[in-house]
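Welcome, and thanks for taking a look at this one. Please have the sequence and the 3D view open side by side as you read.

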Amino acid sequence: MKYLRYLIVLCGLCMIWSCGGDDDICESGEGTPRMKIGFKSQDGKIKALENVYVAVDYGSGKVELGRQQNVESVLAPLRVDDNAYTDVYVRLEDKGKESQVRISYTTKATYVSPGCGVKKSYENLKAELITADPVKATEVAQNQIENEDKTSIYLLF
Amino acid sequence: MVGLDALNTGVSFFSDRMLYQGFISSRIKENVHAIAEAGFEKNVYQKNGYDAKASGPFVKLGAFYMLAKDTENPFNGFYAGGKVGGAFYNQEYMAIPVRGFGGSTSSVAFPSSSQSSFWVEGTLGGRVQLFDSNFYIDVNLQPRYLAYTSKQDNISPMIIPGFGRSSSKFNMGFAWNIAYKF
């Protein structure tokens, strides 16, 4: 019966073994990339903004992404549904004037992993300034979003 | 000896997972038994934004060694062994999630396709004769490791018939069989 002890221990180990796995977490960087928005002054120079407030409409109203201080760029997640555009709202003061920028694109779906599921990459990026001031103009730097390293669009102040 | 998994068959009536499996085993040496298992499983995976289904038959072949047995009846006792398994099945992923910001999700659907998977599994269990009849109860645990799976558009399968949940390569199965010894 000496085997029995090993058998019980082995059964216990197997049970612990079988617990892991199913609910994989999607690690950052693997999923759908966010859009990097850079800031420039009107003469084309990179500009750091003292305060910037970004909000994005994901289809059910504006979602505030919060205040960023002394930044040259911000990362904003775009919509992942089948909508052809995402509206981004930018203002420089909490209760100040707000610009609306419409980012339109086509998307491509690629399977990543069990945890992340499918990721979308954005192509044929276009930026349209719907409400000017404080943003004066937009500039597309990269017309696709594959990762979060490169600035996709610049907002000119 | 021929057995049918009574527990999983019973559970099939009350859950989305329908698993029917049975085995045939035969003593080939004093302590060594050969075993062949076959079954059919139909299962769904609806979790974390996924909506998938898979169904198909599977087979397993292997052998086990009686570690401890009854002196009066060599078929009573505890055993350990190994098997290789394979499944040939049909799967359909109606939704695979696209994870967006703040819980905003959408999904992508993929058409149904035929796939196959292969795995190795251990078997640890025991057999006990029911009174003086030819019937036995055979209970075993089956730790599994997924060795190979074909993939549709690179998608790791979430469920495999005969294997179970497969988002990780390790899985654990069990069976509670009623067997008849000829």
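R34(A) is partly exposed, since its relative accessible area of 32% falls between the 20% and 50% limits for that class. Keep in mind that this is a predicted model, and every value here is computed from it.

What does the side chain of R34(A) meet in a salt bridge? The partner is E148(A), with 2.9 Å from N to O.

The side chains of K62(A) and E98(A) meet in a salt bridge at 2.6 Å, N to O. This pair, too, links distant parts of the chain: K62(A) sits in strand β3 (residues 62–71) and E98(A) in strand β6 of chain A, 36 residues apart. K62(A) is partly exposed, with a relative accessible area of 45%, and E98(A) is partly exposed as well, at 23% relative accessibility.

E98(A) has a further partner in R91(A), where the closest N and O atoms of the salt bridge are 3.1 Å apart. Is R91(A) buried or exposed? With 7% relative accessibility, R91(A) counts as buried, because buried means under 20% relative accessible area. Salt bridges that share partners join K62(A), E64(A), R91(A), D94(A), K95(A) and E98(A) into one network.

| Salt bridge | N to O distance |
|---|---|
| R34(A) and E148(A) | 2.9 Å |
| K62(A) and E98(A) | 2.6 Å |
| R91(A) and E98(A) | 3.1 Å |

How many salt bridges does the structure hold over all chains? There are 22, and the table includes the pairs described above.

A proline is also worth a visit. Where does P114(A) lie? Look in the loop between β6 (98–113) and β7 (117–131) of chain A. P114(A) has a relative accessible area of 13% and is therefore buried. In sequence, P114(A) and I25(A) are 89 residues apart, while their C-alpha atoms are 8.6 Å apart in space.

Note on methods:
Residues numbered from 1 in each chain as written. Chains lettered and ligands numbered in written order. Predicted model: local features only at pLDDT ≥ 70, side-chain atom pairs only at ≥ 80, totals over all residues. Heavy atoms only, no water. Helix = DSSP H or I, 4+ residues; strand = E, 2+ residues; numbered from the N terminus. Buried < 20%, exposed > 50% of the residue type's maximum accessible area, 1.4 Å probe, protein only. Salt bridge = Lys/Arg side-chain N within 4 Å of Asp/Glu carboxyl O.
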